Amino acid sequence: MAPSSPNNVVCVMDASTPLGIALVDRLLHLKFTVHAAIHSSISEFMFNGYDNKSLKIFHSDPFDYHSIVDALRGCCGLFYTFDPPRHQPTFDDDEMMVMGEMEVRAAHNVLEACAQTDTIDKVVFTSSVAAVIWGQDRNSTSISHLDERFWSDVHFCRKFKLWHGLAKTLAEKTAWALARDRGVNMVSVNAGLLVGPDLTIDNPYLKGAAEMYESGLFVTVDLNYLVEAHIRVFQDLSSYGRYICFNHVINTNDDAADLARKLTSLPPGEEQQFAREIPQRISNKKLNKLLMNFKGEEQID
């Protein structure tokens, strides 16, 4: 299924992240022309071997408005993701706050550039489940499940130094505010912990992992599933708002032990904190419904 615009040129930014690289590959296989906006000159070599007619590389800086506009020019859609540094334990609190501010600035610049690009029909903004789950009231018995209506409490995040959750919440809220003010058609994909070969114990998402587990809110997503979710919400003309995206819940001892094995630097005995089975308390029904509708359409076709 093609996007609504006759133009099938899309931009992926930052295309040098694991998600960005996988999106570029999948979109090219779907016969889109892709503007791959990368933040590192080294990353350009990741795309050697692709058809130059279908793939154009742009060296884009999320803090340089004009470089963003250049990458977006002629595109009908944008897939935007901001990947923070993966090894953050060496950062102090001040540095983490600066990183969060940079992510917010980048989101503002990108959405402003989209508002100024006439050809842009839709923006798919990658956010995080961390922008949904953190707050003082999350364990309240009056809340059976969290879904897309919930937002992390920024004051709670600051108090407990949940810097990843804070940055993702503020960046996404900034993007939504600008999108609504400027009439940009945007949807967000709020992803769980991305599980892959690069996952280590110092991934910033894992701050508060024990609390996520105890609350039934520890969810993960495979790269292929995450890519498919992004493309489907882009292609579906009726998609709207936020979509919580995960395909696995860490809520049993076996699940936790399996994750612990993936986190090769996990200290001995760390997995013992995940001893009990916890009921799932987060819902991805909205995304599941959209994906099921697409499968139904494909079978009809």
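**Charged side chains and their partners**

Modeller: Glu228 and Arg232 meet in a salt bridge, with 3.1 Å between the closest N and O atoms. Bear in mind that this is a predicted model.

Biologist: Which helix holds both Glu228 and Arg232, and how many residues apart are they?

Modeller: The spacing of the two residues is about one turn of the helix. Both belong to helix 7 (residues 223–235), and they are 4 residues apart.

Biologist: Is Arg232 buried or exposed?

Modeller: The cut-off for buried is under 20% relative accessible area. Arg232 has a relative accessibility of 12%, so Arg232 counts as buried.

Biologist: Which residue is linked with Glu228 and Arg232 in a network of salt bridges?

Modeller: Glu228 and Arg232 form a salt bridge. They are also part of a network of salt bridges, and the residue linked with them there is Arg26.

Biologist: With which residue does Glu103 form a salt bridge?

Modeller: The closest N and O atoms of this pair are 2.8 Å apart, and the partner of Glu103 is Lys168. The pair links distant parts of the chain, with Glu103 in helix 3 (residues 93–115) and Lys168 in helix 5 (residues 163–182).

Biologist: What is the N to O distance between Asp70 and Arg73?

Modeller: Asp70 is partly exposed, with a relative accessible area of 35%. Its side chain forms a salt bridge with that of Arg73, and the N to O distance is 3.0 Å.

Biologist: Why does Asp255 have no salt bridge, and how far away is the nearest side chain of opposite charge?

Modeller: A salt bridge needs a side-chain nitrogen of Lys or Arg within 4 Å of a carboxyl oxygen of Asp or Glu. Asp255, in helix 8 (residues 253–262), is buried. The nearest side chain of opposite charge is that of Arg261, and its distance is 8.6 Å.

Biologist: Which side chain makes a polar contact with the side chain of Asp255?

Modeller: The Asp255 side chain also reaches the backbone nitrogen of Asn251 at 3.5 Å. Beyond its neighbours within four places in sequence, Asp255 is in contact with residues including Val249 and Ile250. The side-chain polar contact is 3.4 Å, and the partner is His248.

Biologist: How many salt bridges does the count come to?

Modeller: Among them are the pairs Glu103 with Lys168 and Asp70 with Arg73. The count of salt bridges comes to 8.

Definitions and conventions:
Residues are numbered from 1 along each chain as its sequence is written. This is a predicted model: local features need pLDDT of at least 70, side-chain atom pairs count only at pLDDT 80 or more; totals for chains, interfaces and linings use all residues. Side-chain values use heavy atoms; hydrogens and water are left out. Buried means under 20% relative accessible area, exposed over 50%, partly exposed in between (1.4 Å probe, protein chains only). Lys and Arg count as positive and Asp and Glu as negative; His and the chain ends are not counted. A polar contact is a pair of N or O atoms within 3.5 Å; within protein, one must be able to donate a hydrogen and the other to accept it, and residues adjacent in sequence count only if both atoms are side-chain atoms. Contact means heavy atoms within 4.5 Å.
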